[in-house]
Amino acid sequence: RSVQGKNTGNSQLLGVEVLSNGKSFSAWLAEDGNYYDAQGQSLERGFRRYPTHSRYRISSTFNPARRHPITGMVRPHEGTDFAGPVGTAVLATGDGVVVKATRHPLAGTYVVIKHGRTLSTRYLHLSKLLVKPGQRVKMGDRIALSGNTGRSTGAHLHYEVRLNNRPVNPMTVKLPMSEALSGKAKRQFLAKVQSYKKELLVS
């Protein structure tokens, strides 16, 4: 069952409710243009899995016991390497604040973004920075161009996700959802859901 907006030329889905195996699943449009469940929890991902538009070949996986290709020593590989050409657009994988956008002899040109209190992401071996420290970014914003700077065996993007400053596998970590509604926005949303549900009953 669904309810459609009727007051514009373009019909818009305002809400949908599905009953399956005795359980109810629903999605409702809020004022911010996003869909939430009946309790105001977001149905939108707060993060992208990949830091590029295209899915480039993974040339080196997250591996706590990897043997380094240059030094031969066993050193943790704390992120995922994507073998993309120099100049590939690098995207912020979530909303956050740039805390570092600088250069390092090993990491090359790199960016670190903080996403709330516990989560951060790192983007290494870049050819060009497109952001500055202190800058706020949104998920999907271009933050840099990939490269081959620092200690690197070829053009690639090294991408890390850290929880409480501990590296986790970017390809398997559970991606956070967008924030739930709260305060006045949540109260208005819940009232709107009630009116939508009444429409569903009479339609």
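# Figure legends: overall fold and close-up views

**Figure 1. Overview of the chain.** The model is predicted. Along the principal axes, the C-alpha atoms fill a box of roughly 70 × 35 × 30 Å. Of the 203 residues, 39% are buried. Among contacts with a separation of 6 or more, 59% are between residues 24 or more positions apart.

**Figure 2. Surface and charge of the chain.** The accessible surface comes to about 12000 Å². Carbon and sulfur atoms contribute 50% of that surface. The chain carries 31 positive and 12 negative side chains. The centres of these two sets lie 7 Å apart.

Figure 3. H115 belongs to strand 9, which covers residues 108-115. Its relative accessibility is 8%, under the 20% cut-off, so H115 counts as buried. The side chain of H115 makes a polar contact of 2.7 Å with the side chain of T121. Apart from residues up to four places away in sequence, H115 touches F47, G94, D95, G96, S120 and T121.

Figure 4. T109 counts as buried, at 6% relative accessibility. The C-alpha atoms of T109 and S127 are 6.6 Å apart in space, while the two residues are 18 apart in sequence. With residues up to four places away in sequence left out, T109 touches T102, R103, Y123, L124, H125, L126, L129 and T149.

Figure 5. E160 sits in strand 13. The relative accessible area of E160 is 6%, and the residue is buried. Two polar contacts of the E160 side chain are shown. One, of 2.8 Å, joins it to the side chain of H158. The other, of 2.9 Å, joins it to the side chain of R162. Beyond its neighbours within four places in sequence, E160 is in contact with E78, G79, S120, T121, R122, L124 and P170.

Figure 6. D81 lies in strand 6, made up of residues 80-82. This residue is buried, with a relative accessible area of 7%. A polar contact of 2.9 Å joins the side chain of D81 to that of H158. H158 also has a side-chain polar contact with E160, of 2.8 Å. Not counting residues up to four places away in sequence, D81 touches R57, I58, S59, S60, R66, H156, L157 and H158. D81 and L124 are 43 residues apart in sequence, and their C-alpha atoms are 9.3 Å apart in space.

**Figure 7. The loop between strand 13 and strand 14.** N164 is found in the loop that runs between strand 13 (157-163) and strand 14 (166-168). N165 has its place in that loop as well. N164 is not a glycine, yet its phi is positive, at about 50 degrees. Phi of N165 is near 65 degrees, again a positive value in a residue other than glycine. N164 counts as exposed, at 57% relative accessibility. N165 also counts as exposed, at 52% relative accessibility, because the cut-off for exposed is over 50%.

Figure 8. A180 is found in the loop between strand 14 and helix 1, the latter covering residues 183-202. A180 is partly exposed, with a relative accessible area of 31%. Although A180 and G40 are 140 residues apart in sequence, their C-alpha atoms are 5.8 Å apart in space. With residues up to four places away in sequence not counted, A180 touches G40, Q41 and S42.

Conventions: Residues numbered from 1 in each chain as written. Predicted model: local features only at pLDDT ≥ 70, side-chain atom pairs only at ≥ 80, totals over all residues. Heavy atoms only, no water. Buried < 20%, exposed > 50% of the residue type's maximum accessible area, 1.4 Å probe, protein only. Contact = heavy atoms within 4.5 Å. Areas by Shrake-Rupley, 256 points an atom, 1.4 Å probe, with all protein chains shown as cover. Lys, Arg positive; Asp, Glu negative; His and termini not counted. Charge placed at Lys NZ, Arg CZ, Asp CG, Glu CD. Helix = DSSP H or I, 4+ residues; strand = E, 2+ residues; numbered from the N terminus. Polar contact = N/O pair within 3.5 Å; in protein donor to acceptor, adjacent residues only side chain to side chain.
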